[in-house]
Amino acid sequence: FGVQNIFIPVDSLSYSDDGITRCTPEMENGRMKVRVIGGPQSHDAIGDDRTSPSQSIVIDGIKLIADFSVGSLSLHNDAKVTEFPELEIFEGSRLISLLAGALTGRISGHLRHQSLPEASTSTTGPNVFNPLEAYEIDFSGSSISFKIKEWSSTLGHRRVIMPTESAVIVKIVESVVDMSMEGKTDCEVSWDLNGLSPILQVTSVGLSPADASHENKRQTSLLIPPLRQGRLNLHVSAVGGIRLSKAETSREDREGLYDWKFFNALVSPDEDSPDRILKVIHDKRTMGKLLSVVELVNAELHKILSYVLTQVWRAKEIFDQEGVSDPGHVIPGHKMARLVSLFLCGNDSQVNTILPIIQGITSGNSLDVVKAKELLRQNVDVYDDWAPEIDRMVRWASVMFGATTPALPYVEKSLPLSQIPEYADRFENIPSARQLYEQIQDRPHLPLDPNFSNLVSRVAPYMSFRQTEYLLQARDATDWQPSDLRRLRYVYSVKKRVQDISESYGGLSFLPQSFLVSVFLGEATRASLRWARRDRKKRMEKQWRPVSQMKKMSILPGLRRRSMAPRQSSNVVDELTEDFVVTPAGRVASQQNLAVVGGTSIMAQEARTINSFSLMEDLAMDYELGDSLLGPQDVAVLLQAGLTSAMKGSTVVQLNQRMLLDLMTSQPKSFAVAVLAEIGTPGGQGSPRSLTSALMALLELDQSAFTRANRLDMHALLESWLPGYKVPRREDYLAGGRWARQSFYEAIFGLANNILEDAECYMALKSHIQRDRRHTEDDPIPQPKELSKRISDSNLNQMGRTVTIKPSKLEDAIAIAKQKILKADQIGLELRDILIDDEEAAKSRNEFAAAVEAYNSAFSACALVLDLDRCAFQTPWFSDFYRRNYDALMVKNIFDNIIENVDKVRDWMNSL
């Protein structure tokens, strides 16, 4: 791959280097005691008693306990840092840290069989004959303690020093994972800085804090006292999600701003987190400490943060004075105008100026930019200093508050995508969802046809998780071909994991997720490539002819063959190919390094020829399925999880992204387009904005963990997947670029729209495989069963046939509902005149309670009818009763609003 993994050089065993961080460890006075207890016991095997010893499923495992201690452990780290000139972090800056201390702990691991029920031998359960799935490891009871003797980190002219004798302890309360490291972990984390705080030291740019004199250094403490000691529980979910809770072993109940809820609000926000963060922001002691730290980091940033915090505190004081504790309290408009006036100028003198601006927004006329800027200019002291930024913010607010463009009339096609002839013809050799279900349910006591079994395993990556689960559950394991069952079960397990990841990824809450993903992603990509090589040698019978046997040649295999053929190339390319194994994505993305002949590269000439040939055949040939064990939707989820990870610069995340890109490149061109389409269709709805954000992140993919020669040109890679399209480059839209006056975002947005339009064929394929349509748009509108029966009875009478049919449950319910409605209306009619004359007196009468009870009974009877027939509301008697009650509710609401003078209801009624 050309990946700069951690390695131990042959000539020196004293350091490791992954291309980003160089670590030099030193250890003295180490001691370890290892105990192994337990062992195999064949009589404890689980499963059927008739199972022979040679077919034993699982047996008891082994428990290993290792107690260790290191008297002196030190780590010297030297890491590259991305430049940040605004914070005086320039190119070439390095983060140099030293950590020294004593390490003690215990590692307890119990390898044992999982507690699997007898049904676990089903097609969807773990394969108990496979040790990787049948066994689990229990790390409960493990612990590690580190006492710091020295810890400092230096970045340029800044240094952070931790107090000596600080202690960090991690205890694993419960941790049970399978052999693929899937499981949950609960551990307790505690720290104690002995009442001291880490120190931030800053000196002049160009000097080192270690060498500068005391007079040339400024310093401040980083933590307030409540944060210098603590204990909490850390929960890691099966998908790498982090959640914090109160430590179970805490002796004291430390309630306040800085208990476990504070840390959980930062790491894994919940519904209570915003309120917790606001309380911290309003704590002036904490914010004062934050300002002192920021002042040493950057004076300009300190000035901005100080101004923002001052305004936030002023806003809280105003809200408290005006009794505003909920967003609903700022309504109506005149109260909102008063609050804004108090915030801007300290009194209500600007209410008459602000109120028309608010009314313009609520009436759909957007924000008046001119009036808003003039108001800010008169009342905001820093307006002149930040005029350009304020102008952009006001215009952005104008767009946000502006009325949206009305949606164009939607013209529904008579046929779904999968049934449009130009697409349906391409899916002739791909089974539809209905064909899959019919075949899987046909002759359930006989094994499946080998060709059908093989086809299902090939189409499985394009299915949904529920489909694969159903197909595995519908048939016994012996009905499938062994190799097809293995592939189908593997696809099922991958889809199950990806489904869990799709519901939660990105941000600090899922910091360790990339490490868990890498465990199965590497094997999935390698297995996909192995399966592809093996499957190319096979051919199926004509009735189940796989798409991989089509005569169409995708672009990437042609490019790979041409890259293997003799050609003229520069010495640089020759040297690189000798030293490194070029991956599929790297091979395609590095083609721009080929020699240029007559001003045009060989790659460009060949690509144009292949692309033109492919575009002509796209609609004429069958759809080409990929050989990957990961479907387009699975790859899209994992790719997005990496793009939104909080550790984009880590080697693990970059390796995961490279493996996904290599997998996409090794598949047909349609596979990559399908992945991009899945990113742009969250929840099944086309979203060019979602795809635009993903494309911008993909083009800026961090590849610092790879050698420069093995980094991908993402623009070239995307253009190889999208023949005929030019991928915009950011540098062309910067100052001095050829498109400097245009928007880079709009250019990417246009590309995203084109990708989604070209992916219509894949969306048709997805519908073809995943959806079994029992009805079409041309079918008549469903009629209530009551009306349908009347039509049927009328037809029988016209034919001269008299049929006596016993009333159904629905007919009885309809009759009861009609009787109860009639009874309630009679009671209400008798009470109407009394209610009009004296409402309070009428409510005290027994007839009023009887009327309420009668209508409630009628509502319940109608609800029962609706449960029996969902279309019953279309009948005249039902719709009339519903309309009367709806109209009565609307009249009551309008009457109450008029009495309470809510908004402009009186004006509206006066205008009618």
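The model is predicted, with local features needing pLDDT of at least 70 and side-chain atom pairs counting only at pLDDT 80 or more, while totals for chains, interfaces and linings use all residues. Residues are numbered from 1 along each chain as its sequence is written, and side-chain values use heavy atoms, with hydrogens and water left out.

Reader: How many disulfides does the rule give?

Author: A disulfide is taken as a pair of cysteine sulfur atoms within 2.5 Å. Applying this rule gives a count of 0 disulfides.

Reader: Is Cys 871 buried or exposed?

Author: Buried means under 20% relative accessible area, exposed over 50%, and partly exposed in between (1.4 Å probe, protein chains only). The relative accessible area of Cys 871 is 18%. Cys 871 therefore counts as buried.

Reader: Which element gives the most residues to the nonpolar patch?

Author: Patches are made of residues with over 30% relative accessible area and no salt bridge, joining like charges within 9 Å and nonpolar side chains (Val, Leu, Ile, Met, Phe, Trp, Tyr) within 5 Å. A salt bridge is a side-chain nitrogen of Lys or Arg within 4 Å of a carboxyl oxygen of Asp or Glu. The patch consists of Met 32, Val 34, Val 36, Ile 62 and Leu 64, which together have about 450 Å² of accessible area (Shrake-Rupley method, 1.4 Å probe, for residues only the protein chains shown counting as cover). Two or more residues come from each of β2 (21-38) and β3 (62-80), and the element giving the most, with 3 residues, is β2.

Reader: Why is Val 36 classed as exposed?

Author: Val 36 lies in strand β2; strands (E, at least two residues) and helices (H or I, at least four) are DSSP runs, numbered from the N terminus. Val 36 is classed as exposed because its relative accessible area is 54%.

Reader: Over how many bridges do β8 and β9 pair?

Author: Two strands pair if DSSP finds at least two bridges between them. Val 176 stands opposite Lys 184 in β9, and the two strands form a hairpin with 4 residues between them. β8 and β9 pair in the antiparallel sense, and the number of bridges is 10.

Reader: How far apart in space are Met 179 and Ile 137, C-alpha to C-alpha?

Author: Met 179 lies in the loop between β8 (167-178) and β9 (183-192). Ile 137 has Val 177 as its bridge partner in β8, and strand β5 (residues 135-138) pairs with β8 in the antiparallel sense over 3 bridges. Although Met 179 and Ile 137 are 42 residues apart in sequence, their C-alpha to C-alpha distance is 7.1 Å.
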